[in-house]
Amino acid sequence: MALSLLSYDVTDLCLGKPPLRCLSASSSSVSDAIAALKSSEDPFLSVWNCNHDHEDVTECECLGKISMADVICHCHLSKDEVHTLSALNSPVSVLLPTTRSLVLHVQPSCSLVEAIDLIIQGAQNLIVPIQRKTTTKKKQQNDNVSVTTTITTHSNGQRFCWITQEDIVRFLLGCIAAFSPLPSMSISDLGIINSSHAILAVDYNSSASAVVSAISRALADQTSVAVISPMTLTCCDETAAAAVATLSAGDLMEYVDGVNPPESLVQEVRDRLESRGLMGLLSLLDSLSLSSPTSSGYSSDEESPARSFGRSMSMSTRMARKAEAVVCNPKSSLMAVMIQAITHRTNYTWVIDKDGCFVGMVTFVDILKIFRKFL
């Protein structure tokens with residue numbers, strides 16, 4: 001069975017995956033990105049070089065991916081109403097990472113082994129063309145609506161999906177019996193605990209604004225920052241930028257952990273924005289709370305629609321938002337760590353010893369290296 005894995009290609013991993021929802025780098029703004037992210041269950045959206053308003057474009061290329069965490073970091077730099085408005089009207093390209101190799105185009109014939117090699121070399125997402133199917137004229141017209149939110153068909157009629165590190169690890173988990181005895185071996189015995197990986201951390205009592213640069217780096221590395229994970233911010237909305245600008249790192253965790261931030265912290269953020277003259281961020285904060293009338297009839301433990309400052313999320317995404325760190329111990333089996341990371345929708349797990357001291361981390365890349373050697 002292990003040999004049969006060599007015959008798989010990326011199209012086998014694309015089965016059931018929806019077409020990418022795309023943003024045009026030339027015609028979409030940060031505001032367009034916010035609207036698209038809020039209407040999507042996927043925490044990341046792809047940005048492309050083509051503008052679907054022009055029929056003369058024959059080739060489209062994905063320039064990268066963005067998330068709400070990128071938006072929050074960008075909006076955090078705004079100091080007043082003018083700058084906040086300018087930040088929201090900026091082209092979506094300002095949110096793109098400088099490293100283009102994070103997202104790579106591959107052919108449908110790309111083998112599973114080749115895909116693993118690309119991930120090990122640094123790619124985070126592999127763009128795969130979806131085999132074309134005959135569609136009706138009405139269906140094609142429905143696809144070619146607002147470029148900023150729902151476009152999935154490119155000017156040449158091609159659609160794409162992307163393969164993530166999690167997709168490959170999940171696929172290998174489904175074939176785990178072929179890799180015996182690897183699944184039952186401990187991560188310590190396999191030597192995949194990465195103790196040399198740069199650990200990003202901020203003090204619990206330090207300003208949350210100190211997290212911004214670390215979050216940007218963690219997004220590129222697909223790791224996390226102690227105290228906060230980038231995936232936590234990807235599940236928020238743009239108003240979290242106001243909390244980043246005013247709260248400590250510890251209070252920020254309480255603010256974003258869960259669907260609704262505590263009323264006391266919301267008021268504290270508003271008061272601090274007023275005292276510091278950050279009216280642009282204050283307007284951003286109020287824009288969401290004023291978008292729906294104050295409701296009653298909810299207890300303090302219930303979710304009130306008017307108080308929700310988070311995005312509409314699937315259950316798996318809600319789990320990723322929780323602030324508790326995903327940890328394992330050196331004796332955890334490879335299979336257990338894979339399941340744990342996939343369940344919590346993270347690309348890594350922290351490794352701690354029996355005394356609770358940090359030992360290192362295990363990433364999906366570390367795991368894929370082991371499977372690659374086996375193959």
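These legends accompany close-up views of a predicted model.

**View 1. A three-stranded open sheet.**
The sheet is open and has 3 strands in the order E4-E5-E6. Its pairing is mixed. Strand E4 (103-105) and strand E6 (159-164) form the edges, and each pairs on one side only. From one strand to the next, the twist averages 30 degrees.

**View 2. The pairing of E4 with E5.**
Strands of a sheet pair through backbone hydrogen bonds, in either a parallel or an antiparallel sense. Here E4 and strand E5 (residues 125-130) run in the parallel sense, with 3 bridges between them. Leu104 stands opposite Leu126 in E5.

**View 3. Helix H12 and its covered residues.**
Helix H12 spans residues 249-256 and is mostly covered. Of its 8 residues, 6 are buried. These are Ala249, Gly250, Leu252, Met253, Tyr255 and Val256.

The whole structure holds 6 salt bridges. One of them joins Arg372 to Asp117, with the closest N and O atoms 2.6 Å apart. This pair links distant parts of the chain. Arg372 lies in helix H17 (residues 364-374) and Asp117 in helix H5 (residues 112-120), 255 residues apart. Arg372 is partly exposed, at 26% relative accessible area. Asp117 is also partly exposed, at 23%. The cut-off for buried is under 20%, so neither residue counts as buried.

Side chains of opposite charge can pair when their charged atoms come close. The side chains of Arg170 and Glu166 meet in a salt bridge, 2.5 Å from N to O. Both residues belong to helix H7 (residues 165-174). Because they are 4 residues apart in this helix, about one helical turn separates Arg170 from Glu166. Arg170 is partly exposed, with a relative accessible area of 41%, whereas Glu166 counts as buried at 10% relative accessibility.

Arg345 is partly exposed, with a relative accessible area of 29%. Through shared partners, salt bridges join Glu166, Arg170 and Arg345 into one network.

Technical notes:
Residues are numbered from 1 along each chain as its sequence is written. This is a predicted model: local features need pLDDT of at least 70, side-chain atom pairs count only at pLDDT 80 or more; totals for chains, interfaces and linings use all residues. Side-chain values use heavy atoms; hydrogens and water are left out. Two strands pair if DSSP finds at least two bridges between them. Helices (H or I, at least four residues) and strands (E, at least two) are DSSP runs, numbered from the N terminus. Axes are lines fitted to C-alpha atoms, for helices over the stretch in contact, and angles run from 0 to 180 degrees between N-to-C directions. Buried means under 20% relative accessible area, exposed over 50%, partly exposed in between (1.4 Å probe, protein chains only). A salt bridge is a side-chain nitrogen of Lys or Arg within 4 Å of a carboxyl oxygen of Asp or Glu.
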